[in-house]
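Here is a set of questions on one protein chain. Look at the model first, then work through the answers.

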Amino acid sequence: MADDAAGQDKRKQHRARQSGVSADKKKEKAKRDSNQKEPELTARQRNPKAFAINSAQRAERNFRRKEDLTAKKQHIPVVDQTPDEPPPVLIAIVGPPKVGKTTLIKDLIKSFTRTNVTDIKGPITIVTSKKRRITLLECNNDINSMIDVAKCADLVLLLCDASYGFEMEIFEFLNICQVHGMPKIMGVLTHLDMIKNPKQLRKRKKELKHRFWTEVYDGAKLFYLSGLLHGEYLRNEIKNLGRFISVMKFRPLQWRGAHSYLLVDRVEDVTNTDAVRRNPKCDREVVLYGYVRGVPLKQQHMVHIAGLGDARIDELSMIPDPCPLPGTEKKRSLLEKERLLYAPMSGVGGIVYDKDAVYIELQGSHSHKEKTAEATEQEALVSKLIEKKATMDEQMQEQQFRLFSDAAPMKSKDYKSDHEEDEEGDEAADDSGMDAADSDEEQDDEFAANDWRGENSDEEEEDEEQSDASSGDEEYQSLKQKGEGEDDDDDEDDEDEDEDDEESRILANNMSWKTNLAQKARDAFLQRHSESRNLMRIVYGVYNQSERSKEQQKEQEENDSDEELGGLFRVAAKQQTELQKDKDIRDKDERCFFEYQGGVTRDWLTEDNKELIKNCFVTGKWKASEDAENLLKLDDMSDADSEVYGDFEDLETGEQHSGKPKDEAAEGSEEEAPTPGEKRKMTRVEEENLTKKELMAKKLKLKAKFDAEYDNHGEKGEEDGGRITGDHSFYEDLKAEAQKQGELNKSEFAHLDNELRIQIEGYRAGLYVRLGFKTMPAEFVENFDASYPVLVGALNMTEENVGYVNCKVKKHRWYKKILKTGDPLIVSMGWRRFQTVAIFAKVEDNFRQRYLKYTPNHVTCSMTFWGPITPQNTGFLALQTVRQDQEEMKRLGFRIAATGCVTELDKSSQIMKKLKLVGHPFKIYKNTAYIKDMFHSSLEVAKFEGAKIKTVSGIRGQIKKSHHTPEGSYRATFEDKIVLSDIVFCRTWFRVEVPRFYAPITSLLLAAEQKSQWQGMKTLGQLKRERALQNEAQPDSMYTDIVRKPKIFRPLVIPKALQRALPYKDKPKLGPENPREELERVAVVDSPYEQKVAKMMKMIETNYKDKRNRDRKETQQRMKKFRAQKRADEASKQQHQKQLRKKVSRAISKMRGKSQK
């Protein structure tokens, strides 16, 4: 059945028809094509008229569209700096809380390595394919972590809760990425299963996709994770996401391409435990591990640890890669053992490499064995001993003993026997000598151990182990004998002296391992170098700095051992003699380099051995085929024709072959080829006197170059079928040049030894290095949290300095408040995050930087602050707080206050502030006036002589000289006469000092619950709000009611002479010429008749008013009665209608009752 199924699945091959009408037509067509002169021509080339364009406009439009699409795909070629073994691709998973970041990391790890990781902490490195590794890093909801992750991530997976939408953290992170170099960003939508309606789900996806495209770019990839199944995302969706990650390409960023950096994936505290036990807050010696990224890292560079500060590298070394790439053999997928996973902070990855050790985590049965009672007791005893801060002697002296319950306690240090008191003076010198010997032994053991790791052979290891074991046994016996001698109180003084002699003899035997140290080191050195012959080391001596320091340390130990007598005393008188003797020995060794020891080493002073390395020097004689001049000469003649018909040598047989070009053979030229031993001198005379063969080779080379530049374009056009194509040669040349430069960079140090290459080039990207720091704060180790990334960025030489930095900044349009000059700002620039005080300014037309109190809206301005020197065009962002405070986040909303870039670096600042000096005139003489209240002394006036002044009405003037009274007044001239009510201004400028405040953010030193609550210097407004303080009101700043007295103008007076000269129409005609005051009103007295008439009229008016009042009251009474009658009629009408409705309803109900019966 299996065979039948396989046969059905296998497709049959097509059988061409051999007979029939179609086969005959094909045969005739093939026969016609074979008879043509150029059968390889295409149909478009044989009949171009059939393919002619119908519309020139449409053809031009199509051509333009094609070229536009091609131009959009083009980008400026950059030199590829990717090493042969690149570092793992750093993938950051970013998003708000509770969106599924940890679940996504677990599923990706399970998809790639088939391993379940329960606890996600710190970076996790896995091998995804034969040539790619990735490092997964989860970014917590802290803006400090988001900034550090954006600076180092190669790819960002931006998670979003589709049921809720994009949150503020996503927009903040996108703005951070735009400032610090935009990495690749892929959106991932989760919680899609919360939307049950399919139509609503499609609409939601479309809305989020277009909003994501608005923030990133059109066409940005957005993944959909439809839901969870058994606590995991669907396997196919995770697999598709992993495929996109595995094949994604990354474009180098400007800042990372100029700096080296590493993300720490392992932290070790190697401080002496005794020092930590005595002083828990002492400076720690910390070792950081990680992959180098960016440019090569050198130990001379100072580094900045984000969240900690600048530090100097005390130790830098390379260690084996804990997560290496698989082998180079061809295979379609990774083997199970090659699916590596390295996550030391998460407790995953069985093997951990250190500089001088390899730690293996035993799993399975080893880790689940039950501990016996004896092992538990031993662990408790060891832990108690470690916790003790005093020595055993001090503890023994503090022991107390009571003979009786009510007796006073006796301490061991207060009780001494008479015998011990007599011997105390005799044994003091011996004890001090033994203590010194013991300390010397411990130091020598440490040095010997360091030398043994890299220098001694296997046989010497066994010898040293035996000698150490024997010395340990003898030491134990001597201490035992010493203890028995002290406990026995009946021994005589002679026996004590014999015991002292025996102890000194044993100590001398213990020091016997130091004998012939120099000879042992020399033998090991000779044996090692006889096995690996490094000609560069032999010719130029020790070129490695570490080996040189080891040799110096070894020489120092040899000198110490030679100067000791019996391991107790040193001879100071012979020091100069011994130094001179050692110098003579070293001189002899340098002259012959090594002593000849049979067949182990070679004597390089003999002629036979000299011949072997002679060609390593510039004075050596090369073979004719290997001479540099001849090789260069042959390289100049190398082209297609000269390679076929020129001289060459068979490298396998060593046989020489000679030939002539075709043209020269046809002409019958008998010119002989120059011998290989001849050397061509590149002078103008020699170039003019070249032989015919050399001229021909030169012409052929020029012809080949011409053909390569012009003929290939014609062939390409023919291959395209005669279609019109654009000229992209310039872009292709740029790409070829960048590719050539990249290959040259890779091949420059490829032939060097790895150790020598590291010394010259530095630790290149992709190497796993070990960084040692000796003076790290204790809080860094005590409060270390693996969920916060530790980014170590190298600083260039100029970036280590601090000075004035001038930037171009713009307040973010989403930030609610405006920024005030003098308020502290938190700036993220380069690798650093620090707090500083910024001064804002505006650049005017005369390039003066005018002081601004607040940042303008929607417009860039200049900002100057005191901080680290950073290269120009480096982007930065500014925040006012990095605290994760919910109340403050609700008040601010969007936390990124401003963005910008560095424009200028200077050691000084030139920000000027405008100052208006105000004065008032007190004397006026035509165009001259005396001004007061502007200055306080005549000295100030003298400084401003010649300054320009101006009145409110716009009359310009100049300061002349100071005036004696009042003090500070001066004389000024104006272009017109001013009045006493004018106010005079003098516009001046003075320089504003930028505060020298720079405080790095040290969030990594805080405790775990306070890492997101870092608080620097507070603003003045925050301090006033916390203390409920208010500014004292200044009278000048208060708004007051403006009371203006009415202006009373004097009447216009025209002189009489002018009035007489004026024409009649212009003469004043209003009022008498001599106006007088108005007379008082004259009282009018009525006659008796007029009085009677007035009295009668008053009586009639009174009667009329009375009648009007009576009529009004009567009308009101009538209206009141009418309204009452109308209300009564309406009520009776309503009552009647109600009775009638009752009757009708009762009748209807009776009728219904009858009908129902």
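An angle under 35 degrees counts as roughly parallel, over 145 as roughly antiparallel, 65 to 115 as roughly perpendicular, and the rest as oblique. The model discussed here is predicted.

Q: Are H6 and H7 parallel, perpendicular or oblique to each other?
A: Helix H6 covers residues 143-152 and helix H7 covers residues 168-180. Their axes lie 9 Å apart and meet at an angle of about 40 degrees. H6 and H7 are therefore oblique.

Q: In which hand does H6 pass H7?
A: The two helices pack at about 40 degrees. The crossing of H6 over H7 is right-handed.

Q: Which residues of H7 does H6 meet?
A: From H6, the contact uses Ile143, Met146, Ile147, Val149, Ala150 and Lys151. By class, the contact of H6 with H7 has eight nonpolar, one polar and three charged residues. On the H7 side, the partners are Glu169, Glu172, Phe173, Ile176, Cys177 and His180.

Q: How many residues of H6 are buried?
A: Buried means under 20% relative accessible area. The buried residues of H6 include Asn144, Asp148 and Lys151. H6 is mostly covered, and its buried residues number ten of ten.

Q: How many residues apart in sequence are the parts that Arg256 and Asp154 tie together?
A: The side chains of Arg256 and Asp154 form a salt bridge, at 3.5 Å from N to O. Arg256 sits in the loop between helix H9 and strand S9, and Asp154 in the loop between H6 and strand S4, so the pair ties together parts that are 102 residues apart.

Q: Is Arg256 buried or exposed?
A: The cut-off for buried is under 20% relative accessible area. Arg256 has 8% relative accessibility, so Arg256 counts as buried.

Q: Where in the chain is Arg895, the salt-bridge partner of Glu172?
A: The side chains of Glu172 and Arg895 meet at 2.8 Å, N to O. Glu172 belongs to helix H7, and the two residues are 723 apart. Arg895 lies in the loop between helix H29 and strand S34.

Q: Which strand holds Asp310?
A: Asp310 and Arg832 form a salt bridge through their side chains, at 3.1 Å from N to O. Arg832 lies in strand S29, and the pair ties together parts 522 residues apart in sequence. Asp310 lies in strand S14.

Q: Is Asp310 buried, exposed or partly exposed?
A: Arg832 is buried, with a relative accessible area of 4%. For Asp310 the value is 37%. Between the cut-offs of 20% and 50%, Asp310 is partly exposed.

Q: How many salt bridges does the structure hold?
A: Some of the charged residues form a network of salt bridges, which links Asp269, Lys281, Arg284 and Glu782. For the structure, the count is 27.

Q: Which residue does a cis peptide bond join to Thr965?
A: Omega of this bond is about -10 degrees.

Q: Is Lys98 buried or exposed?
A: Lys98 is not a glycine, yet its phi is positive, near 65 degrees. Lys98 lies in the loop between strand S1 and helix H5. At 78% relative accessibility, Lys98 counts as exposed.

Key. Residues numbered from 1 in each chain as written. Predicted model: local features only at pLDDT ≥ 70, side-chain atom pairs only at ≥ 80, totals over all residues. Heavy atoms only, no water. Axes fitted to C-alpha atoms, helices over the stretch in contact; angles between N-to-C directions. Helix = DSSP H or I, 4+ residues; strand = E, 2+ residues; numbered from the N terminus. Left-handed = near helix turned anticlockwise from the far one by under 90°. Contact = heavy atoms within 4.5 Å. Nonpolar A, V, L, I, M, F, W, Y, C, P; charged D, E, K, R; others polar. Buried < 20%, exposed > 50% of the residue type's maximum accessible area, 1.4 Å probe, protein only. Salt bridge = Lys/Arg side-chain N within 4 Å of Asp/Glu carboxyl O.
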